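Please keep the sequence and the 3D view at hand while reading.

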Amino acid sequence: MLDKYTTINLVKNIFTYYVFKRGDIMKKLLLAIIVTIIVLSPVYSASTNSWGSGFAITYGETTYNNPSYKNSVVNYFESHTNRNLDEANTEVITAMEVNKVSKDITGRTYPSNQIFSCAMVDLSYTQGIKVVVDESKITVVTSKMYATALKSTGIESGYVVVTSPVSATGESALTGVMKSYEIAVGTPIPENAKKAATDELYTQSQIAEQTGQDPNKIADLFDQVKQEAQKQNLDDPAQIKEIVINIAATLNINLTNEQAQQIANAVANSQKAQDSLTDFKNRLESVTQQASESQGIINQIMNYLQGFIDYIMSFI
């Protein structure tokens with residue numbers, strides 16, 4: 001399918017050709033195309049380039065300030081979406097933002113020349129949540145790990161792409177993913193929920209490394225424990241620890257007492273954050289519906305224009 005800009009340029013070329021070479025009937029047909037494009041323009045402008053647009057990109061500040069790094073990230077994003085990146089609302093993630101969320105959890109602080117990871121979020125995707133991770137660059141955190149951690153912020157829908165111009169573990173990239181959601185939704189995620197998600201992702205990474213288990217299997221453990229804790233409405237680490245031990249046994253994951261407690265603490269923090277997420281989740285649901293409907297209308301109009309242009313071109 002032609003994108004908006006290609007379509008408009010093609011219509012211009014056809015218009016110029018037929019105005020000077022063909023008769024009044026073709027002029028009228030071309031006028032209909034132009035009117036359609038004029039009508040379509042507000043749909044684009046209303047659904048893009050603003051907070052709450054449903055489409056957002058965040059660049060790590062190191063990547064953003066390096067043209068070569070940024071270009072490689074843009075190329076990766078473009079290869080994983082059919083949308084025009086110019087329509088996304090874009091912001092830069094700074095070391096200060098990453099450290100604000102992660103330093104008390106991971107014990108790490110990042111300098112401004114070490115913020116590489118970038119994220120793209122598109123809320124027009126309606127089949128749950130899909131996370132694509134550039135495995136050639138993100139070395140530790142998997143798609144499932146991100147998806148599981150994001151549930152701690154009430155996020156269970158959207159299309160997410162995570163990449164970096166250089167090799168990175170991917171842990172700090174979660175800050176960029178959450179920021180992209182805030183931009184796309186137009187509402188901030190409560191700080192306690194962001195810290196709970198960061199704590200959970202970091203704990204997943206640590207447990208996977210310590211046990212030698214597949215990271216996705218550890219993510220599955222967290223997911224099942226959270227589901228059971230939600231089902232029983234539990235936020236007491238002692239009670240959640242029993243769930244951790246039982247589910248770990250069914251998954252054949254051997255945990256030390258300390259590891260089981262770490263998981264229980266992370267899930268308890270996630271549970272305690274849920275009450276603060278009502279406004280964000282309601283807004284997320286609303287924007288997701290709007291983004292899906294808007295993109296659906298745009299696709300229908302563009303399909304119509306494509307077919308009409310193909311029909312005209314068949315006479316040339």
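## Basis and confidence

This is a predicted model, in which local features need pLDDT of at least 70, side-chain atom pairs count only at pLDDT 80 or more, and totals for chains, interfaces and linings use all residues. Residues are numbered from 1 along each chain as its sequence is written, and side-chain values use heavy atoms, with hydrogens and water left out.

The protein chain has a mean pLDDT (the predictor's confidence in each residue, from 0 to 100) of 84, with 76% of its residues at 70 or more. Helices here are DSSP runs of H or I with at least four residues, numbered from the N terminus. Helix H4 (residues 67-78) has the highest confidence, a mean of 98, and helix H2 (residues 24-47) the lowest, a mean of 51. Over residues 38-49 pLDDT stays under 50, and the model has 19 contacts (heavy atoms within 4.5 Å) beyond four places in sequence for them.

## Helix H8

Helix H8 (residues 191-211) has 21 residues, which at 1.5 Å a residue should span 30 Å; the end C-alpha atoms are 30 Å apart, so the two values agree. The expected span is 1.5 Å times one less than the number of residues. Gly 212 follows H8 and has a positive phi, near 75°.

Two packed helices are described by the angle between their axes and the distance between the axes. Axes are lines fitted to C-alpha atoms, for helices over the stretch in contact, and angles run from 0 to 180 degrees between N-to-C directions.

The axes of helix H5 (residues 95-106) and H8 cross at roughly 50° and come within 9 Å. H5 is therefore oblique to H8; angles under 35 degrees count as roughly parallel, over 145 as roughly antiparallel, 65 to 115 as roughly perpendicular and the rest as oblique. Residues of H5 in this contact include Lys 100 and Asp 104, which meet a set in H8 that includes Glu 191, Lys 194 and Lys 195. The contact of H5 with H8 has six charged, three polar and three nonpolar residues. Ala, Val, Leu, Ile, Met, Phe, Trp, Tyr, Cys and Pro count as nonpolar, Asp, Glu, Lys and Arg as charged, and the others, Gly among them, as polar.

H8 packs with helix H9 (residues 215-232) at about 130°, the axes being 9 Å apart. This pair is therefore oblique as well. On the H8 side the contact includes Ile 207 and Ala 208, and on the H9 side Ile 218 and Phe 222. Six nonpolar, three polar and two charged residues make up the contact of H8 with H9.

## H9 with H10

Between H9 and helix H10 (residues 237-250) the packing angle is about 135° and the axes are 10 Å apart. H9 and H10 are therefore oblique to each other. Among the contact residues are Leu 221 and Val 225 of H9, with Ile 240 and Ile 243 of H10. By class, the contact of H9 with H10 has eight nonpolar, two polar and one charged residues.

Key:
Helices (H or I, at least four residues) and strands (E, at least two) are DSSP runs, numbered from the N terminus.
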